[in-house]
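Subject: Two-chain model for your files

Hello,

Please find the structure below. My notes on what was found in it follow.

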Amino acid sequence: MSTAHSKAATNAPATYGIMAEFTNSSTLIHAAETIRDAGYTKVEAYTPIPIHGLDEAIGHKASRLPWLVLTGGLIGSSGLFGFMTWVNLVDYPMNVGGRPHFSWPAFVPITFEGMVLFSAFAAVFGLFLICGFPRPYHPVFNAPGFERATTDGFFLCIETSDPLYDAAKAKSTLLGLGATAVNEFSE
Amino acid sequence: MQSSKQLKPPVTETYDSLLAPGQSLESVTTKISDIVLFPILKTPTGWLLGFIGAGLLLMLYLYSLATLFTVGIGIWGINIPVAWGFDIINFVWWIGIGHAGTLISAILLLFRQDWRTSINRAAEAMTIFAVACAGIYPLIHTGRPWLDYWFLPYPSTTGMWPQFRSPLEWDVFAISTYATVSVLFWFVGLVPDLATLRDRSTSRIAKALYGLFSLGWRGAAKHWQRYEVASLLLAGLSTPLVLSVHSIISFDFSVAQLPGWHVTVFPPYFVAGAVYCGFAMVIVLMIPIRRVFGLQGLITMKHFDVMSKVMLASGMIVTYGYFGEIFYSWYSSSIYEYYLIVNRFTGPYAWSYWALILFNVLIPQVLWSKKLRQNLPVLFFVSMAINVGMWFERWVIIVLSLHRDFLPSSWASYTPTFYDWSTYIGSFGLFFVLFLLFIRFIPMIAIFEVRDLVHKTTPHTAEHEESGHAGA
């Protein structure tokens, strides 16, 4: 346990941060709130399940993803509606039984499908973009025991880039908040 | 066989809860991921036999398609006036099956129904594979599938565009959107579970592959928050999408003037029928799977009870539709509409109409009994009956309406040929090959959602057995 990573060699990778493991979500949320209130800003929690209130406890802002999806939906629906209108009025007008060229109710189903398709693209690829995916490698995977973050481990990480970062102080604070293991880990 | 036996716990059925008692985050994760992660050489014999059988059916399918492409659609039994036969019957049947998966994954997510959790992943997989089977029919029924790009709006040298005012063109957009969004929704749901497999697998190849497809998921709080927003938005988009897809498919019929097709009730009637048949297929797939893989603790009798109730409710809507059709034929005062019902009741294909009533209306009534709903052999039989019944429904709508329309001089009959049957039976090969690969390599139950259910239903400080440190 503890900061066993060798820092002796000069060319050893730099320390990325300090990772604390908790046994359950309520301890984690409490710890995250305390750390946030202590003024830490480069903090992230890693959990096997979505935990409501955790992102506020850490201090993350609300996502802008819904706006992205709305934009996608508007582009998809107006794009296809406009396209069908252009085809039927300008590029290839065809008289079908004397019905008007601009028979917009008949355009509704395809407009709707275009809205759904482009919104879904925006939701999925927007999510990947915001999360920085695909990113198969990340320094937190080096933290000891981190493979349990996708099973039953609740983790809180303070990164060295945080202005308040002090390994010894952070460690004692995190242990005091109920962490079962606290380790520094490198990039 | 040995390895599959190891997976089996002593079977104790749970009737009143969605999870067997005593589950922890780790126990459910291990349980589900072990099904996927055991070594490839120790694959259960049952799975291998199933895969061989499905593979043979797939061969039959490929043979039928190859014959179709080389000879043409003359190998089928279709004719004029019955220009739509098995191709469109099976297209509508397959896509209807797919709708239950979207219903379970999207609509029940919006309604926050926890019982969807253990069955949504497999149901979504069923959706995608059923849509694949369905989507092939419109592509091949043209007889010249190499020209299918004509469906798409592309700037061509002829200067022509597809007819955007036709329901058949709406179909192109509806089905391609549905297939794309279903795959995206499914993949997004898989990402955290693939990360679990990446972290639990011991084989280097498995680690690399699951690592590749999990995109680097690490369960960060920020990612979870965005992830939940994206899931909710996708669910909100998929809900009207699934309703629109089957409504648009029903427009293929109801926009035509033909008696038996020209009915305003078709969209809700088709959607209810899709849900009915889709839930039946979920039950047919789940009963053997939970037995083979010992999942009685995760897919409990309560799941089957709830699914049976959905089936019963949608079955009653469908039944209402059947009575509605009889009523319109009388109320319309049209001799053609009236004759449609006479033909269904007493015509040359009356046996298929009465089979439809037997399978879809009469047999499912046993689901009123709680005791029979929770009897798996009975439930399996009823679900199979519903699948057959819904197939007959599409048969009745398509063949019985087409073969005798307005002019008796143009009446004809329709008999499916060997290739009609082989293309249909072969499509099960495609479905089951894909489904068996899915249950072997991808967690068939959404692990993180089950963990979430465990988390919600247990006190928050007791997630680990060794809890006690840390007072929150």
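**Two loop residues in chain B**

Arg112(B) counts as exposed because it has 7 C-beta neighbours inside 10 Å; here a residue is exposed with 12 or fewer other C-beta atoms within 10 Å of its own, buried with 20 or more and partly exposed in between, the C-beta atoms being placed from the backbone. Arg112(B) sits in the loop between H4 and H5 of chain B and has a positive phi of about 55° although it is not a glycine. Helices (H or I, at least four residues) and strands (E, at least two) are DSSP runs, numbered from the N terminus.

Leu215(B) is also not a glycine and has a positive phi, of about 65°. Its place is the loop between helix H7 (204-213) and helix H8 (221-254) of chain B. With 18 other C-beta atoms within 10 Å, Leu215(B) is partly exposed.

**Conventions**

This is a predicted model, in which local features need pLDDT of at least 70 and side-chain atom pairs count only at pLDDT 80 or more, while totals for chains, interfaces and linings use all residues. Residues are numbered from 1 along each chain as its sequence is written, and chains are lettered from A and ligands numbered from 1 in the order in which they are written.

**Chain A**

The domain assignment, which is automatic or from a database, gives domain 1 (15-61 + 139-186) and domain 2 (65-131) of chain A. Taken over C-alpha atoms, the centres of these two domains are 44 Å apart.

Chain A has an open, antiparallel sheet of 4 strands in the order S2-S3-S1-S4; strands pair if DSSP finds at least two bridges between them. Strand S2 (43-46) and strand S4 (181-186) of chain A are the edge strands, each pairing on one side only. From one strand to the next the twist averages 25°. Strand S1 (residues 15-22) and strand S3 (residues 154-159) of chain A are antiparallel and joined by 6 bridges, and Gly17(A) stands opposite Glu159(A) in S3(A). Helix H1 (residues 25-37) of chain A lies across S1, S2 and S3 of chain A and runs at about 15° to S3(A). Axes are lines fitted to C-alpha atoms, for helices over the stretch in contact, and angles run from 0 to 180 degrees between N-to-C directions.

**Helices of chain B**

Helix H15 (residues 418-441) of chain B has 24 residues and reaches 35 Å from its first C-alpha to its last, close to the 34 Å expected at 1.5 Å a residue (1.5 Å times one less than the number of residues). Buried residues in H15(B) include Tyr419(B), Gly426(B), Phe431(B) and Phe438(B). Among the elements covering the buried residues of H15(B) are helix H4 (86-110) and helix H9 (266-292) of chain B.

The axes of H4(B) and H9(B) come within 6 Å and cross at roughly 80°. That makes H4(B) roughly perpendicular to H9(B) (under 35 degrees is roughly parallel, over 145 roughly antiparallel, 65 to 115 roughly perpendicular and the rest oblique). The contact includes Gly98(B) and Gly101(B) of H4(B) and Gly273(B) and Gly278(B) of H9(B).

**Interface and cis bonds**

In chain A, 59 residues are in contact with 56 residues of chain B, contact meaning C-beta atoms, placed from the backbone, within 7 Å. H4(A) gives the most to the side of chain A that touches chain B, with 14 residues.

The peptide bond from Phe133(A) to Pro134(A) is cis, with omega near -5°; Pro134(A) is in the loop between H4 and S3 of chain A. In chain B, the bond from Ile80(B) to Pro81(B) is cis, with omega near 20°.

Regards

How values were computed. Contact = placed C-beta atoms within 7 Å.
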